[in-house]
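Here is a short note for a reader who is opening this structure for the first time. Please keep the sequence and the model side by side while going through the points.

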Amino acid sequence: MASVPYIDGSGALRQREISTGDGTTANPDRFTFSDQGTYDRLGATNDSPISTPTTIGSLGAIIRGLWQNTLGATSDASSPTGSIHAKLRSLADAIGAISDTAARSGSLMAMLRFLAESNFVESQTASAVTVGTSLTTVITFDCRGKKTLGVQLQNTGSTALSSLQVQARFNSNLSIWNTIASTNADFTTNNGKQNNNASTEIINSSGTIVTIPGGGDGWFRMRCDGMESVRIQAQVASGTTTILAHGIAEA
């Protein structure tokens, strides 16, 4: 077989040249690209990449330029105006990590953590506070924007308390502290739960915490809405003791 017959668009029988011969007609049909420029426009894999959008080049050069210049490399430094890799890295930096510390400004994760934690604030003494025979501030809680405060007190010394006061301040520019509770009755029979009084600041407690014995502990919950801060003061009748305090203020 010297050639392959086929029917063209007009219905005529024609011959296609094959690779092993000249066909059966004096002028066999040969299928080729009529525009050699098509190959030139496709280009080659080693064409130099185009670095600017206004430069004219082959498709291969354009694709290489897109890959190298626009997409960039995974090693590209974080930048909001660089390659796609650089912008993605910049976006990742803006989002941050789950471990980011809560902050008013910073990564998205840091601000989300700050927002979540703004509903509550935990506070505690860094170490045991030594209490003597005059009222000593054990801890001060920031209550701005909070409604309730829960406090746990531990007498880590050997001497019982003789006095315990819960005091509130209504503005940070004031040096006036108002006593909210100072007697065992304030924490027991007069508290909101036992007295069925929703307006009482002390809601509930573990009992007679004004005189926590050495080695003992106690707790109370109170309303703190409208208060800038709440502080706990304590003293002993003689000698000294040490107090640890932990608490949480919630919105």
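1. Start with α3 (84-95) and α4 (108-117), which each supply at least two residues of a nonpolar patch. Helices here are DSSP runs of H or I with at least four residues, strands are runs of E with at least two, and both are numbered from the N terminus. The model is predicted: local features need pLDDT of at least 70, side-chain atom pairs count only at pLDDT 80 or more, and totals for chains, interfaces and linings use all residues. Numbering runs from 1 along each chain as its sequence is written, and side-chain values use heavy atoms, with hydrogens and water left out.

2. **The patch itself.** Which residues form the nonpolar patch on the surface? They are I84, L88, L91, I95, L108, M111, L112 and L115. Together they have about 700 Å² of accessible area. Such areas come from the Shrake-Rupley method with a 1.4 Å probe, and for residues only the protein chains shown count as cover. Patch members have over 30% relative accessible area and no salt bridge; like charges are joined within 9 Å, and nonpolar side chains (Val, Leu, Ile, Met, Phe, Trp, Tyr) within 5 Å.

3. **Helix α3.** L91, one of the patch residues, is found in helix α3. The helix has twelve residues, and at 1.5 Å a residue it should span 16 Å. Its end C-alpha atoms are 16 Å apart, which agrees. The expected span is 1.5 Å times one less than the number of residues.

4. S90 is placed in helix α3. Is S90 buried or exposed? S90 is buried, because its relative accessible area is 17%. Buried means under 20% relative accessible area, exposed means over 50%, and partly exposed is in between (1.4 Å probe, protein chains only). Not counting residues up to four places away in sequence, S90 touches S78, S79 and P80. Contact means heavy atoms within 4.5 Å.

5. **G96, after α3.** G96 follows α3 and has a positive phi, near 80°. This glycine lies in the loop between α3 and α4. G96 is partly exposed, with a relative accessible area of 31%. Its contacts, not counting residues up to four places away in sequence, are S107 and M109.

6. **L108, across from G96.** L108 lies in helix α4 and belongs to the patch. Twelve residues separate L108 and G96 along the chain, yet their C-alpha atoms are 6.1 Å apart. L108 counts as partly exposed, because its relative accessibility is 40%. Leaving aside neighbours within four places in sequence, L108 is in contact with A94 and I95.

7. **Q167 in β7.** Now turn to a strand. Q167 is found in β7 (residues 163-169). Q167 is buried, since its relative accessible area is 5%. Which side chains make polar contacts with the side chain of Q167? The side chain of Q165 does, at 2.8 Å, and so does that of R231, at 2.5 Å. A polar contact is a pair of N or O atoms within 3.5 Å; within protein, one must be able to donate a hydrogen and the other to accept it, and residues adjacent in sequence count only if both atoms are side-chain atoms. Leaving aside neighbours within four places in sequence, Q167 is in contact with W177, N178, T179, I180, S229, V230, R231 and Q233.

8. **Salt bridges.** How many salt bridges are there? The count comes to two, where a salt bridge is a side-chain nitrogen of Lys or Arg within 4 Å of a carboxyl oxygen of Asp or Glu. One joins E228 and R169, with the closest N and O atoms 2.9 Å apart. This pair links distant parts of the chain: E228 is in the loop between β10 (217-223) and β11 (229-235), and R169 is in strand β7, 59 residues apart. Both E228 and R169 are buried.

9. **The R144 pair.** R144 forms a salt bridge with D142, the closest N and O atoms being 2.7 Å apart. R144 counts as exposed, at 54% relative accessibility. D142 is partly exposed, with a relative accessible area of 31%.

10. **The whole chain.** The protein chain has six helices and twelve strands. Of its 251 residues, 30% count as buried. The accessible surface comes to about 15,100 Å², and 53% of that belongs to carbon and sulfur atoms. Among contacts between residues at least 6 apart in sequence, 53% join residues at least 24 apart.
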